[in-house]
Amino acid sequence: MVRRPVAWVAAIVLLAEAVGFVFVNGLMATVVDNQQMSLAGLDPDAMSNGAWAAGFALGLYLVVCAALLVRAALTDRGFGRVARPVLIGCAVLHGVLGALAVGLVGWTAFLFMMVVLALLVLALVAYGERPKGGGRTPGAGAGTEAGAGAAGPAEAGPTAA
């Protein structure tokens, strides 16, 4: 099965992306601080601190998502009630950032975001909820033997013509 390697690759990519987001936001904060830039009269120090805070918050979120994927890869168990919505939110975030990246950065950034989105969705689907009751699907029990039609064993008997 490919679910463990997908979880590992997704975790590594999310960790690299977390470092990248912190670096880019730190770069923006430094430029805003050095140039004393202001937007609509906001204090440049507040903008610089906000850029740092946003970078660290997003980086921390991506590290948490990577940790959830590493845990799934190590234990080979699915995601719990808290982990699944966190990873779904991360996938939605990458979809939105990918849509924004087309216009702001270019198609290469869009492609990267879509690859990360695909890895997250694949990990979520691969570690999906298993059916209860021993792993059998409904209707896979008795009555599905070869020769029994859709209408059941009543049609398999002799017909009165």
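Colleague: Which residues make the nonpolar surface patch, and what is its area?
Modeller: In this predicted model, the patch is made by Phe23, Val24, Leu27, Met28, Val31 and Met37. One of these residues, Val24, has its place in helix α1, which covers residues 3-35. The nonpolar surface patch has an area of about 550 Å².

Colleague: Is Val24 buried, partly exposed or exposed?
Modeller: Buried would require under 20% relative accessible area, and exposed would require over 50%. The relative accessibility of Val24 is 42%, so this residue counts as partly exposed.

Colleague: Which element gives the largest share of the lining of the largest pocket?
Modeller: The largest pocket holds about 420 Å³ of space, and of its 15 lining residues the closest to the centre are Phe21, Val24, Leu97, Val105 and Met113. Two or more lining residues come from each of α1, α3 (83-104) and α4 (107-126). The largest share, seven residues, comes from α1.

Colleague: Why does the salt bridge between Asp76 and Arg3 tie together parts that are apart in sequence, and how many residues apart are they?
Modeller: The side chains of Asp76 and Arg3 meet at 3.1 Å, N to O. Because Asp76 lies in the loop between α2 (44-75) and α3 while Arg3 lies in helix α1, the parts that this pair ties together are apart in sequence by 73 residues.

Note on methods: Residues are numbered from 1 along each chain as its sequence is written. This is a predicted model: local features need pLDDT of at least 70, side-chain atom pairs count only at pLDDT 80 or more; totals for chains, interfaces and linings use all residues. Side-chain values use heavy atoms; hydrogens and water are left out. Patches are made of residues with over 30% relative accessible area and no salt bridge: like charges are joined within 9 Å, nonpolar side chains (Val, Leu, Ile, Met, Phe, Trp, Tyr) within 5 Å. Accessible areas come from the Shrake-Rupley method with a 1.4 Å probe; for residues, only the protein chains shown count as cover. A salt bridge is a side-chain nitrogen of Lys or Arg within 4 Å of a carboxyl oxygen of Asp or Glu. Helices (H or I, at least four residues) and strands (E, at least two) are DSSP runs, numbered from the N terminus. Buried means under 20% relative accessible area, exposed over 50%, partly exposed in between (1.4 Å probe, protein chains only). On a 1 Å grid over the protein atoms alone, a cavity is a set of points where a 1.4 Å probe fits but cannot get out, and a pocket is an open set with protein on both sides within 12 Å along at least five of seven lines; lining residues have an atom within 4 Å of a point. Grid points are joined across faces, edges and corners, and a volume is the space filled by probe spheres set on the points.
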